[in-house]
Amino acid sequence: MKNLLQLEELGQFGLAVFLFTQLEFQGWLFPLCLLLPDVSMVGYLINPKIGARIYNFFHHKLLAILFLILGFWLKVSIVEFAGIILFAHSAMDRIFGYGLKFEDDFKHTHLGSIGKK
């Protein structure tokens, strides 16, 4: 099952790359911005509950899809780009086993535990 889920996420990451190529931004901007959603981990400096809520907000694919739809609808390419980055980053995280966080511990995700067992 893990391999099947990773393959699905890889397909979603590929979709994000394709969508990015449809915008008129320089190619180097995609890898430069790909890790920006991880700034949301700053909430963990407060406590795990706040950290998980902020992290999950910016790593939930529905937010990315809403940005994409809004950007396409309003024809605002920077909003489209933000949605693509959020979507690509979330897919990339899940490829590597980093899922949405539970409020008790950063390492406790919907995909299981992160790190050595």
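**Salt bridges and a helix pair**

Glu9 is buried (under 20% relative accessible area, with a 1.4 Å probe and protein chains only; exposed is over 50%, partly exposed in between), its own value being 10%. The model is predicted, so local features need pLDDT of at least 70 and side-chain atom pairs pLDDT 80 or more, while totals for chains, interfaces and linings use all residues. Residues are numbered from 1 along each chain as its sequence is written, and side-chain values use heavy atoms, without hydrogens and water.

Glu9 forms a salt bridge with Lys61 at 2.3 Å, N to O; the term requires a side-chain nitrogen of Lys or Arg within 4 Å of a carboxyl oxygen of Asp or Glu. Glu9 sits in helix H1 (residues 2-21) and Lys61 in helix H4 (residues 61-74), 52 residues apart. Helices (H or I, at least four residues) and strands (E, at least two) are DSSP runs, numbered from the N terminus. Lys61 is also buried, at 14%.

The whole structure has two salt bridges. Arg53 pairs with Glu103, with 2.8 Å between the closest N and O atoms. Arg53 belongs to helix H3 (residues 48-59) and Glu103 to the loop between helix H5 (77-95) and strand E1 (108-109), so the bridge ties together parts 50 residues apart in sequence. Arg53 is partly exposed at 48%, and Glu103 is partly exposed at 36%.
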